[in-house]
Amino acid sequence: QPDKCMPLIWDDSIKEDFSVTLRVYTANSRGTIANLAAAVTEADGNLEQISVDDKDAQLSVLTLQIGVHGRKHLADIMRSIKKNKAVSKITRLKNMA
């Protein structure tokens, strides 16, 4: 709904991380969580919290709370996570507060 949209710009002078929540749909396989944590770390992200919801024997849904520097950094982290062959889908959850 365009009437409810507001243009935003990341401020280059801010040096703190922003907390972002991602939902990651993965194959339910050994080592997937460790591989995703490594992908976040390698992309210079701060993995603040992780929770896992097993949907069935084949699918897990992970919720990751990650500290990022800005929009481009978030995109880099999401691309790094998506490279994992076990990942079928990744979405950003909007803050409800």
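In this predicted model, the largest nonpolar core has 16 residues, and those that touch the most other members are L22, V24, I66, I77 and I81. Two or more residues of this core come from each of strand β1 (18–27), helix α1, strand β3 (59–68), helix α2 and strand β4 (87–93). The largest share is that of β3, with 4 residues. In soluble globular proteins, nonpolar side chains tend to be buried together.

V24, one of the core residues named above, shows how such a position is surrounded. Apart from neighbours within four places in sequence, V24 is in contact with L36, S60, V61, L62, L64, I81, V87, K89 and I90. Among these partners is I81, itself listed with V24 among the residues that touch the most other core members.

Helix α1 spans residues 32–42 and helix α2 spans residues 71–82; their axes lie 9 Å apart, at an angle of about 150 degrees. The crossing is right-handed. On the α1 side the contact is made by L36, A39 and V40, and on the α2 side by I77, S80 and I81. Sorted by class, these residues are 5 nonpolar and 1 polar, with no charged residues.

Strand β1 also holds T21. Is T21 buried or exposed? Its relative accessibility is 19%, and because the limit for a buried residue is under 20%, T21 counts as buried. Leaving out residues up to four places away in sequence, T21 touches T63, L64, Q65, T91, R92 and L93.

Conventions
Residues numbered from 1 in each chain as written. Predicted model: local features only at pLDDT ≥ 70, side-chain atom pairs only at ≥ 80, totals over all residues. Heavy atoms only, no water. Axes fitted to C-alpha atoms, helices over the stretch in contact; angles between N-to-C directions. Left-handed = near helix turned anticlockwise from the far one by under 90°. Contact = heavy atoms within 4.5 Å. Nonpolar A, V, L, I, M, F, W, Y, C, P; charged D, E, K, R; others polar. Core = buried A, V, L, I, M, F, W, Y, C linked by side-chain atoms within 4.5 Å. Buried < 20%, exposed > 50% of the residue type's maximum accessible area, 1.4 Å probe, protein only.
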